[in-house]
Every structure is written in structure tokens, then in C-alpha cells.
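Here is a short note to read alongside the model. The points can be checked one by one against the picture.

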Amino acid sequence: MAVSEVNNDRGELRILEYLDELRTNLADYIAELSDAAVKERGAFSIALSGGSLIHLMGKLCEAPYNKTVDWSKWYIFWADECVVAKNHSNNNYKLAKDDHFSKVPIVPSHVHPINDSVSAEEAADDYMFVIRQLVKTRMVSVSDISDCPEFDLILLGMGPEGHIVSLFPNHSALDETDEWVTFVAGSPKPPPERITFTLPVINSASNVAMVVTSENKAEAVHLAIDYIGHDCQPLPARLVQPTKGKLVWFLDKPAASKLDGLQFPK
Ligand SMILES: O=C1O[C@H](COP(=O)(O)O)[C@@H](O)[C@H](O)[C@H]1O
């Protein structure tokens, strides 16, 4: 059973009782956005995070989506990446490829992993350059209100302390407004070196999905959605506020359990 409610300030909330329902709902959502973007402009630009999100989008490799989605029009990016080799278990590209993209007919040249053979700082610069080329050819749109790329969809997970991509609470990378991609050294969650989209890029996307499951994230979900106090720094997840785009939260019941005023039908 699903509770779907719109919270004007913090986007649309889709709360699913069972993980299997969440997986189907998420696959439907991604497939619909892909269809719409391909119809409108002939391409679908999607940026992924790592972690549990990748397993939760697994239904896209199954029927009917494996046959109905126009994979040849997908352009795939990573919203964050650990600075480790591509065959390392912490590599977000490897996770997505093993679980997902090796199973559907994506065009290999449309897949844009982060360079793993240079330093974190160089990898961030290099990735900005890659995205800039795709913006020039309009495979990635450009925002008309910032000079940022406007991805059709950015998929985000969230850590139990409210971090998104590799933007951690109270970290200076949260304040980065000049660069599209930045690097993080000494990440509180291993591995220590990462590269990440910055908030202006996330907030310039046409669609942003926050996909969060399990009870250990319930407090951070509450703070990111309900909390309006001014006495402390907001969680990174609360700073996800697309300027013109649409924000949708996909939550399971345990992750949503601390939301104010939430009632599941009996
Ligand atoms: O460090 C990271 O963690 C978040 C959340 O991961 P999860 O496994 O708890 O869902 C992930 O979205 C991000 O890409 C990753 O770098």
C-alpha cells in the first residue's frame, strides 16, 4: 500500500509500504521521465549516485522496462564517485555497471564514468570538461537561470546523517558555487577521497529524486523534510531544492516513520 502526498515546500512524497512496491514505483518514474525527454529532445541525461539506490533501481533491467525504455538515448553520469579504481567494490560506476548497465543495451560511448587514473582534484576538473562538451552538443541541456547543466534526472540517496552525494554535513564543499564538480578529501565516510556534483548543479536539474530506505535514516528524513529551525546548519539533504525542477522523495515506511503528521491507512 502506498501513501503519496504532496508537500509543496519539499516536493512530492511517495511512501511505499513494501520495498518491492518502491522498486516498481521508482522504475515507472524513471521510465516515464526517459520517455518524455526522448520525445521532447531526443536524449535522456541521467546522473546516478551510489549505495543502496543502485539496487533499488534494479527493476529497470527487467521486463517490461528492459524492452520498452529507449536505452540508445540514455547519457549516463555519476553525481558522485569514490576516487578508487573502477574495479574496486566502492566504485559507484562498477556498482551500476555490474547491477544494471551490463544488462541493457546502453551505447558504451554514452556512459561517462569519472577518470580513475588521476588525482581527485584533476578528476573533478576532467569531469567538468566532459560535461561541458555534452552541454555544447546539447545532449545535456543548459539551465536558463544558472550557467549549470540541466540534467533530465539526478538520482540521490541519503546517508543516516543526512549527506547526499559526497556532500557531508558542515563540510566546505557544501558552499561551492563556482564549480559544477568538486573534490572532497578526508570524507567522514570511507573511502576518504571523492568527487561530487555541487549543490548548484543538483538544484538546476529538471528532476531530482531522493531515494531513502530503512529506519536508521528516519531522523534525517524528518529533519530534511519537516524541520524548519534556524539554530543549526541544515542537513545537506534539506539543501536539495530544485530552482525550477521537480523534487520527488521515494521512502519506505521505516524511513518515513518520523515524519510529522504521517498516517498510514489501516
Ligand atoms: O557515500 C555515499 O552514500 C550515499 C548513501 O548511500 P546508502 O548506501 O546509504 O544509500 C550515496 O547516495 C552516495 O552516492 C555515496 O557516495
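**Notes on the predicted model**

1. The exposed residues Phe129, Gln133 and Lys136 sit on the face of α5 that is turned away from the buried side of this helix. Keep in mind throughout that this is a predicted model.

2. The buried residues of α5 are Ala123, Ala124, Tyr127 and Ile131. They lie on the same side of α5, because the arc they cover around the axis is only 100 degrees. In general, an α-helix has 3.6 residues a turn, so residues three or four places apart point the same way.

3. What do the buried residues of α5 pack against? Their partners are the strands β4 (74-78), β7 (149-150), β9 (181-184) and β10 (194-197).

4. The length of α5 can be checked. The helix has 17 residues, 120-136, and at 1.5 Å a residue it should span 24 Å. The C-alpha atoms at its ends are 24 Å apart, so the two values agree. Just after α5, Arg138 takes a positive phi of about 65 degrees.

5. The largest nonpolar core has 78 residues. Ile154, Leu156, Met210 and Val211 have the most contacts inside this core. Leaving aside residues up to four places away in sequence, Met210 touches Leu156, Met158, Ala237, Val240 and Trp249. As a general rule, nonpolar side chains in soluble globular proteins tend to be buried together.

6. The ligand is surrounded by 13 residues, and the closest are Ser49, Gly50, Gly51, Ser52 and Gly157. By type, the shell around the ligand divides into eight polar, three nonpolar and two charged residues.

7. Most peptide bonds are trans, and most residues other than glycine have a negative phi. A cis peptide bond joins Ala63 and Pro64, with omega about 0 degrees; Pro64 is in the loop between α2 (52-56) and α3 (65-68). A cis peptide bond also joins Pro190 and Pro191, with omega about -5 degrees, and Pro191 lies in the loop between β9 and β10.

8. Val165 is not a glycine, yet has a positive phi of about 40 degrees. Asn170, also not a glycine, has a positive phi of about 60 degrees. Val165 is found in the loop between β8 (153-156) and β9, and Asn170 lies in the loop between β8 and β9. Which of these is buried and which exposed? Val165 has 30 other C-beta atoms within 10 Å, so this residue is buried. Asn170 has 10 C-beta neighbours inside 10 Å and therefore counts as exposed.

Methods. Residues numbered from 1 in each chain as written. Predicted model: local features only at pLDDT ≥ 70, side-chain atom pairs only at ≥ 80, totals over all residues. Near = placed C-beta within 6 Å. Nonpolar A, V, L, I, M, F, W, Y, C, P; charged D, E, K, R; others polar. Helix = DSSP H or I, 4+ residues; strand = E, 2+ residues; numbered from the N terminus. Expected span 1.5 Å × (residues − 1). Buried ≥ 20, exposed ≤ 12 C-beta atoms within 10 Å, placed from the backbone. Arc of directions from axis to C-beta. Contact = placed C-beta atoms within 7 Å. Core = buried A, V, L, I, M, F, W, Y, C linked by C-beta atoms within 7 Å.
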